[in-house]
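Here is a short note to read alongside the coordinates. The points run from the whole chain down to single residues.

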Amino acid sequence: MGATRRMTVSQALVEFLARQWTVDGDIRERTIPGMFGIFGHGNVAGIGQALKQFNVQQPDLMPYYQARNEQAMVHQAVGYARMHRRRGTYASAASVGPGAANMLTAAALATTNRLPALLLPSDTFATRVADPVLQQLEQPWDIGLQVTDAFRPLSRFFDRVQRPEQLYSIALGAMRVLTDPAETGAVTIALPEDVQAEALDVPVEFLQDREWHLRRPLPERGPLARAVAAIRGAKNPFIVAGGGVIYSGAEDQLRALVEATGIPIGTSQAGGGVLNWDHPQNLGGVGATGTLAANRLAAEADVIIGIGTRYSDFTTASRTAFQNPDVMFVNINVASFDAYKHGSQLPVIADAREALAELAIELEGFEISREYSGRIAREKAEWDKTVDNAFAPSGLELPGQPEIIGAVQSTSAPEDVIVQAAGSLPGDLHKLWRVRDPLGYHVEYAFSCMGYEIAGGLGAKRGLLADGDDRDVIVMVGDGSYLMLNTELVTAVAEGIKLIVVLIQNHGYASIGHLSETVGSERFGTWYREYDGEARNFQGEKILPVDLAMNARSYGLDVIEITPGASAIDHLKAAVAQAKASDRSTFIHINSDPLVYAPDGAGWWDVPVPEVSTLESTQRARDEYLTQQANQKPLLG
C-alpha cells in the first residue's frame, strides 16, 4: 500500500477540493477557489473544524467566507461561475435540517441555469446512534429519508458519504459532473455529521493536484453536413444565441460567422453579450421579452439556428415566435437533451466554439440576400430609435422603469456588469439594455429567482476580482426581490467588496401586477398595502411605511436617496456616477411608476386564463388568451 495520511473525512474532502484544477485550452484555474459556510451542530465539528485547521496551517489552501443565508451562498457560487464561464465555482457547506433545506431553491437554480455549484449539506448520524437528533426529519414509512434526499431531483449529481471509504469515489464522481459542460449544475454531496468527523487513512495520491480538462466536442461530419445544407438552402436564416456561446468563449467565432454570412441573431437572456448591441447583425433579445426587430424576423425565418440555447418558453414566446410554416431548426448544443428540442431533425451535438468554427469553413461563400440584409438594417434602426425614445427624459415626478434603465445605462462604463433575475426588470433589460461586453449582462432568467440579485451580484464581483478585474457590478432590483433576500449586503460590507445597488421602489410586485391585469385578476395581491379588514385584502391606498434606504444604511452601505420630482433622472445619473467613483458599496434608492411600461416587442407568454369566471375582466382576458394561443405551434423541425 502506498503512503497515506490519517485525516478526518472533512479534512480529506477540503484538501481534495483545494487541489482540483479546471483546464480550458491555455487557461488553468482552481475549480473550487473557496468555500462558503454557515455552521451548526451538523458541521461545526466536521467541515468547520477542517476549515479552521487549514486556516491555521495553510490559509491559502481553502479560503473560507461567511454568508448570511444558505440559499445566498449558492447564488454567490453561481454568479462566480457565470463570470468564469463555468470553469470555477464555490463550495457551500450547510448544517443539518433547515440549513440544508435553505439551499434547495439555489440548487434548482444552478441546475436550471446549467451552471456549476458544489453543495455540501450536512446529514444526521449515519450510525443512527442518537436518533432522532435535533432538526432530523422523521418519516415513519422510511426512517432513512432525510432533508438531503430532497436534493436528488434538483441536482445533476447526488450522493451521500455513509462510510468514510466512500469518499474517494463520491468526490471524484462529483468533480466529473461539476466540470462537464453537458452535465453540470448543482452537485450535492450529503455529509452525515458523524461521518464528517471520522478518520481514515487517505492515500496521498487522492490529495495531489488533479486536472479536469473541459470537453469541447467537435461536430460529427454527418450532422454538420446536413445542417450546412439546410442553412445554404435558407432564404431567411436566423440565429438564436444562448448562454452556451458565452460559456464556450465563442463570441469571436460567432462574430466572424455572422459578418461573413450576414445572418442576424437574437439572444436569449443567458446569451446577452454574445455581440455588442450596436453590431449590425445583433437584433437584441428574442421571444416573449424580445425586441420588435428580433421577433419580426424570427417569425418569418425558414431556418432557426439555435446555438447553446435551452429554448425556454420565454425564448420561444411559448412556441409562437417562429411562425414560418416550413421552419426548420438547426440546434447546436453540447448537451443532446437541448440539441433535440422541438423535434429537430438537425441536431449538432458539439461545443459552440468548435461548431461555429466549422460552420464558418463549410459556409464559405454563403451570404444572405441583399433584400434580407436591407430588412435587417431597417428593423434594427427602427428598434434603436424606439429605445432612444424610451430613454428620453419625461420630467415625470415618478419616472418609469425604462427611463431609469436608460439613466443607469448612460452613466455606466462599457465593461460594467448588470445583474438581475426576477420581476419586470428582466423583460425590460432584455429589450433595452445595450450590452457592450461579453460578460456585461447577467440576468438569471432560467429559474428567475426572486432574491438572487444581490447574492448573485456579489458572486459575480468575486469572480471578476479573482481575475484582477475591478469593473463595477451594478445590481438593479425591485423592492419585491429586495425584500426576499438582501442580507448578503452585510457580507459585501464585511469583506469590503464593492457593489452598486439600484433599488427601484414601486410598492409591490410590478411584473406580476401587470401579468395579473392581462389574465383578468386585476392586480389582486400584488400591491404592498396595509391590510383592509373590511375588504379582506391588500388593495387599499395605505402604502406600507417601510424605509428600504434606512435598511440598507443599517447594513453599513453608503446610501443615496433620489427625491421624487422632475429632476429625479438627472439626480439618478449623478448618483450612479458618484457610486462608480467610490470604493465602497453604494445603495441608490429611487421611486418609480410601475404603470409606465417598456416598448412592446410583440412577444407572448402562455399563462393560462380560467375557462369560466364571474369576473368580466377574466372573461375578456380569456378571449384574448384564446386568440394568442391559436398561434402556438408544435415547432417540429
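1. Surface. The chain exposes about 25,000 Å², of which carbon and sulfur atoms supply 51%; accessible areas come from the Shrake-Rupley method with a 1.4 Å probe, and for residues only the protein chains shown count as cover. This is a predicted model, in which local features need pLDDT of at least 70 and side-chain atom pairs count only at pLDDT 80 or more, while totals for chains, interfaces and linings use all residues. Residues are numbered from 1 along each chain as its sequence is written, and side-chain values use heavy atoms, with hydrogens and water left out.

2. Overall dimensions. The C-alpha trace spans about 75 × 70 × 55 Å along its principal axes.

3. Of the 637 residues, 59% count as buried, meaning under 20% relative accessible area, with exposed over 50% and partly exposed in between. Among contacts (heavy atoms within 4.5 Å) with a separation of 6 or more, 77% link residues 24 or more positions apart.

4. Secondary structure. There are 23 helices and 23 strands. These are DSSP runs numbered from the N terminus: H or I of at least four residues for helices, E of at least two for strands.

5. Cores. A nonpolar core is a set of buried Ala, Val, Leu, Ile, Met, Phe, Trp, Tyr and Cys residues joined through side-chain atoms within 4.5 Å. The largest has 141 residues, and Phe-238, Ile-239, Leu-254, Val-330, Met-476, Leu-572 and Ile-588 touch the most other members. Helix α3 (residues 70-83) gives the largest share of this core, seven residues. Apart from it lies another core of 38 residues, including Val-161 and Leu-207.

6. Met-476. Not counting residues up to four places away in sequence, Met-476 touches residues including Ile-404, Val-408, Leu-425, Glu-453 and Ile-504.

7. Backbone points to check. Most residues other than glycine have a negative phi, and most peptide bonds are trans. The bond from Asp-131 to Pro-132 is cis, with omega near -15 degrees; Pro-132 lies in the loop between β7 (117-123) and β8 (157-160). Arg-128, in the loop between β7 and β8, has a positive phi of about 60 degrees and is partly exposed at 44% relative accessible area. Ser-448, between β19 (441-443) and α17 (452-466), has a positive phi of about 45 degrees and is partly exposed at 26%.

Technical notes:
Buried < 20%, exposed > 50% of the residue type's maximum accessible area, 1.4 Å probe, protein only.
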